[in-house]
Amino acid sequence: MADVEELKKMAGIEACKFVKSGMKVGLGTGSTVKYTILELGRRVSEEGLQIVGVPTSLATEELAIQVGIELVKLSDIDGLDIVIDGADEFDVNFQLIKGGGAALLREKIVAQQSNSMVVVADDRKKVSILGDFPLPIEITPFSYQSTIRQISKLLDCEVSLRLEGPEAKVTDNGNFIADAKTGPTILDPVSTESDLLNIAGVVQVGLFNNMCDAVILAGKNGIETLLNPVGNLV
């Protein structure tokens with residue numbers, strides 16, 4: 001059996017099978033999607049693949065430029081054909097928790113503008129009920145303590161401000177991240193997302209509901225492609 005990093009590389013490369021010349025591609029963020037971007041860059045330079053990409057983070061933008069992928073602004077095009085991204089958890093209904101890399105707002109904007117979404121993940125991310133991974137919630141810096149208290153009351157769990165060293169982690173959008181330690185209790189992620197978005201200080205929630213069309217899963221048996229039976233790639 002290959003080690004975890006090799007499996008992540010294989011999954012990242014396998015996801016590229018959904019990308020064809022002429023496509024507008026959302027480029028996700030994370031350690032597995034990194035290999036997707038590297039492979040797409042190789043195909044651009046060695047095989048003449050013609051795509052344009054929209055990055056979901058500054059780190060992804062930098063990597064895409066390094067490997068020669070032409071980038072465009074999402075606002076300058078009419079949607080995307082596909083987005084390839086990672087996930088911190090996914091359940092049997094292809095609902096996701098994302099935001100471990102603090103890029104959830106941009107990731108969700110890009111995902112909502114895409115005709116299809118492919119997630120690359122290792123089998124540690126597959127769960128029966130979401131929430132073992134702390135739920136990331138992007139919040140405004142203004143009165144963030146009050147927002148965290150409201151989130152904690154709503155979800156009935158501990159909520160902490162994500163730090164980077166001694167200071168609050170600041171997202172690419174200038175916001176903070178609150179991590180809600182719900183445990184595996186998110187039985188209705190759609191309602192949970194809606195309830196959280198009703199809190200004024202919440203900018204966006206790391207629940208990606210009804211977006212994922214396929215998961216490229218790296219596990220002990222190698223690489224497996226899971227297709228959402230009600231998705232756009234069946």
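N210 lies in the loop between β14 and β15 (214-219). Helices (H or I, at least four residues) and strands (E, at least two) are DSSP runs, numbered from the N terminus. N210 has a positive phi of about 55 degrees, although N210 is not a glycine. N210 is exposed, with a relative accessible area of 65%. Here buried means under 20% relative accessible area, exposed over 50%, and partly exposed in between (1.4 Å probe, protein chains only).

This is a predicted model: local features need pLDDT of at least 70, side-chain atom pairs count only at pLDDT 80 or more, and totals for chains, interfaces and linings use all residues. Residues are numbered from 1 along each chain as its sequence is written, and side-chain values use heavy atoms, with hydrogens and water left out.

Phi of A102 is near 65 degrees, a positive value in a residue other than glycine. A102 lies in the loop between β6 and α4 (104-112). At 5% relative accessibility, A102 counts as buried.

## The sheet of β5, β6 and β14

The strands β5, β6 and β14 form an open sheet in the order β5-β6-β14. Their pairing is antiparallel. Two strands pair if DSSP finds at least two bridges between them. β5 (89-90) and β14 (207-208) stand at the edges, each with a single partner strand, so one side of each is left without a neighbour in the sheet.

Strand β6 (residues 96-97) is joined to β14 by 2 bridges. L96 stands opposite F208 in β14.

## Two lysines at F208

K98 lies over the face of F208, at 5.5 Å from the ring centre. The charged end of K108 sits over the ring of F208 too, 5.0 Å from its centre. A charge sits over a ring if NZ of Lys or CZ of Arg is within 6 Å of the ring centre and within 35 degrees of the ring normal.

## An enclosed strand, β8

In strand β8 (residues 135-139), 5 of the 5 residues are buried, so β8 is largely enclosed by the rest of the structure. In a regular strand, side chains alternate between the two faces of the sheet. Both faces of β8 are covered. L135, I137 and I139 are buried on one side, and P136 and E138 on the other.

β8 runs antiparallel to β12, with 5 bridges between them. β8 also runs antiparallel to strand β13 (residues 202-205), with 3 bridges. I139 has a partner in each: F176 is its bridge partner in β12, and V202 stands opposite I139 in β13.

## The aromatic pair

The structure holds 1 aromatic pair. Y144 and F176 form this pair, which is edge-to-face: 5.3 Å centre to centre, with 80 degrees between the planes. Rings of Phe, Tyr and Trp (its six-membered ring) pair if their centres lie within 6.5 Å; planes under 30 degrees apart count as stacked, over 60 as edge-to-face and the rest as tilted.

Y144 lies in helix α5 (residues 144-155) and F176 in strand β12 (residues 176-181), so the pair ties together parts that are 32 residues apart in sequence. Y144 is partly exposed, at 23% relative accessible area. F176 counts as buried, at 13% relative accessibility.

The largest pocket has a volume of about 260 Å³. Of its 22 lining residues, T29, G30, S31, A87 and D88 are the closest to its centre. β4 (82-86) and β7 (117-122) are the elements that give two or more residues to this lining. The largest share, 3 residues, comes from β7. By class, the lining of the largest pocket has 6 nonpolar, 8 polar and 8 charged residues. Ala, Val, Leu, Ile, Met, Phe, Trp, Tyr, Cys and Pro count as nonpolar, Asp, Glu, Lys and Arg as charged, and the others, Gly among them, as polar.

The second largest pocket has a volume of about 160 Å³. N210 returns here: of the 15 lining residues, the closest to the centre are N210, M211, C212, D213 and N232. This lining has 5 nonpolar, 9 polar and 1 charged residues. On a 1 Å grid over the protein atoms alone, a pocket is an open set of points where a 1.4 Å probe fits, with protein on both sides within 12 Å along at least five of seven lines; lining residues have an atom within 4 Å of a point. A volume is the space filled by probe spheres set on the points, which are joined across faces, edges and corners.
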